[in-house]
Amino acid sequence: MTSPADKQQHPRSCGNGGALKRGPDRENQGNTTTCSTAMEGGRGLEQHRRVSSVWKSYLYQLQQEAPKPAAVLCTDRPPDSPPYYGLEYHGKITRHHCEKLLTENGTYIVRHSDRAEGFYTLSMRFNDVIKHFRLYYDGKHYVGEKRFDTVHDLVADGLVTLYMESQAGEYLKKMSATSYLNSPHYTITKSLRRHIRTNRYAVVDTENQRPVSPKDTTPFSKAEEQDKDNCSAQDITTQRPHRFNVHTFTGLHWCGLCGHFLWGFVSQGVKCQDCNFKAHKQCSSRVPNDCCPDLKDLQSIFGADLTTSLRGSTESVPSVVTECVSEVEARGLTMEGIYRVPGSQDQIEALRLAFERDGNRVNLTEKAVPDINVVAGVLKLYLRLLPIPLITSQCFLKLQAVCKLSTREAKVSGIREALQTLPAAHLSTLKVIIMHLARVCDHSAVNKMTATSLSTVFAPTLVQSAVPGENIQPADLLAMANSAQEPRVVEVLVVYHRDIFL
């Protein structure tokens with residue numbers, strides 16, 4: 001369909017990927033000796049490596065780095081201008097003229113094809129090379145499969161795709177090779193699916209309005225405990241095929257199979273009509289028949305992008321955060337080892353499912369949830385499953401440098417400036433978390449949780465930073481634990497919280 005003069009490789013409708021790397025809480029770290037703390041740090045980093053495989057941020061970061069579209073405008077509108085093109089249309093000009101107009105990467109124009117009468121060409125500069133694409137319009141603008149409302153949107157999406165292919169071509173070919181048992185979808189929903197499969201989905205006792213505990217005879221009975229030990233992928237899958245359709249996602253989303261970011265701005269991937277499973281188009285063919293329509297009715301709070309989940313909401317901070325923080329401050333500030341001592345994993349899962357189903361209507365009182373460590377565990381779980389942690393890698397690099405400054409005034413000023421690089425939802429939520437940790441720290445004489453202890457527990461869930469390589473040795477883990485900057489950054493935020501946020 002493209003003439004020899006204008007024939008080029010079109011930006012393809014590919015998948016995406018993006019992933020955050022984060023690790024779990026290092027529950028057993030406290031006020032111990034330097035040696036034991038370092039050893040716990042090594043174990044924490046090992047856990048970090050395992051959990052970080054759920055969400056991957058590389059492709060999200062590439063999209064952020066991709067050139068941005070900039071139309072070169074024609075002030076003297078040609079008389080043959082089609083009504084569906086704007087000032088980016090320059091009429092019938094040559095390729096040589098294009099090179100004079102397109103001087104920066106990301107710049108583009110639309111022109112009448114000089115080699116095919118009656119056709120139009122999109123010319124754009126990418127990677128210091130002028131590329132030409134046959135441009136079509138049928139109510140939407142397109143050069144390939146994807147359709148766009150504006151030429152600007154088409155160019156933006158094309159620049160991202162070209163950048164992905166140039167920077168991570170081999171990486172993209174391998175990303176869908178993930179085992180389903182290691183996929184984010186399986187990891188995050190397996191306990192919920194187990195409840196559905198055993199027909200024990202009543203996470204809340206409706207008579208007393210409380211999450212059911214393991215000693216009750218409903219969701220976590222001995223029969224289910226035995227079932228957990230024997231479960232397999234075949235047990236959990238429903239054998240029902242997914243009904244995937246190409247979908248344009250609003251906001252930031254990640255592939256349920258490979259854990260990579262769904263990049264681009266339209267038709268980023270596919271979505272199951274029945275259960276809302278999201279995936280790259282190429283990954284969807286590897287998803288087994290495990291469609292569970294009951295999942296569609298849940299709110300997808302845990303594991304959802306923070307900014308996307310708050311879009312259209314009147315809240316600036318997720319209710320799961322404000323509710324858990326409020327309850328911990330009501331009855332957990334004097335609890336020894338709060339946030340360090342783990343709650344029952346079964347009860348944490350039950351409470352998490354209650355949040356997914358009922359949102360801010362979950363009852364967290366002592367009668368409903370006797371162990372405050374369960375509430376604390378749900379808060380940590382929510383933060384740990386965020387695809388993009390509260391403190392992004394860009395912000396962390398700035399904070400890391402600022403925290404090395406010698407004076408308090410310089411640190412505070414630099415921290416405030418660094419935090420302004422965060423998305424609004426991240427900044428408002430981080431403020432709530434840090435102010436909360438400061439109040440916990442105020443009771444450290446009783447709860448034994450100093451700023452250092454709290455930063456050790458929370459740093460792996462709050463900060464997006466580099467992840468150790470696969471072949472790292474135990475001695476290297478110990479050294480990294482001793483030199484890790486994430487806890488130091490979080491500790492500085494807690495110590496200087498009044499100067500930073502008030």
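Two strands count as paired if DSSP finds at least two bridges between them. Helices (H or I, at least four residues) and strands (E, at least two) are DSSP runs, numbered from the N terminus. The model shown in these views is predicted, so to speak of a local feature a pLDDT of at least 70 is needed, side-chain atom pairs count only at pLDDT 80 or more, and totals for chains, interfaces and linings use all residues. Residues are numbered from 1 along each chain as its sequence is written, and side-chain values use heavy atoms, with hydrogens and water left out.

**View 1. A three-stranded antiparallel sheet.** Let us start with the open sheet in the order E8-E9-E10, where the pairing is antiparallel. Strand E8 (244–247) and strand E10 (278–279) are its edge strands, each pairing on one side only. E8 and strand E9 (residues 269–272) run antiparallel and are joined by four bridges. Look for Val246, which stands opposite Val270 in E9.

**View 2. A five-stranded mixed sheet.** Here five strands make an open sheet with mixed pairing, in the order E1-E2-E3-E4-E5. Strand E1 (70–71) and strand E5 (141–142) stand at the edges with a single partner strand each, so one side of each is left without a neighbour in the sheet. Helix H4 (residues 151–174) lies across strand E2 (107–112), E3, E4 and E5, and runs at about 45 degrees to E3. Angles like this one run from 0 to 180 degrees between N-to-C directions, and axes are lines fitted to C-alpha atoms, for helices over the stretch in contact.

View 3. Strand E3 (residues 120–126) and strand E4 (residues 129–137) run antiparallel, joined by seven bridges. Along this pair, Ser123 has His132 in E4 as its bridge partner, and Arg125 stands opposite Ile130 in E4. The two strands form a hairpin with two residues between them, and Asn127 in the turn has a positive phi of about 55 degrees. Moving on, E4 and E5 pair in the antiparallel sense over two bridges, with Tyr137 opposite His141 in E5. E4 and E5 also form a hairpin, this one with three residues between them, and Gly139 in its turn has a positive phi of about 105 degrees.

**View 4. Helices H10 and H15 side by side.** Two packed helices are described by the angle between their axes and the distance between the axes. The axes of H10 and helix H15 (residues 424–441) come within 11 Å and cross at roughly 10 degrees. H10 and H15 are therefore roughly parallel to each other, a term used for angles under 35 degrees. Where they touch (heavy atoms within 4.5 Å), Val321, Val325, Val328 and Glu329 in H10 meet Thr429, Val432, Ile433, His436 and Arg439 in H15. By class, this contact has five nonpolar, two polar and two charged residues. Ala, Val, Leu, Ile, Met, Phe, Trp, Tyr, Cys and Pro count as nonpolar, Asp, Glu, Lys and Arg as charged, and the others, Gly among them, as polar.

**View 5. Helices H12 and H17 packed together.** Helix H12 (residues 372–384) and helix H17 (residues 451–462) pack at an angle of about 35 degrees, with their axes 8 Å apart. Lys380, Leu383 and Arg384 in H12 meet Val457, Phe458, Thr461 and Leu462 in H17. The contact has four nonpolar, one polar and two charged residues.

Conventions
Angles under 35 degrees count as roughly parallel, over 145 as roughly antiparallel, 65 to 115 as roughly perpendicular and the rest as oblique.
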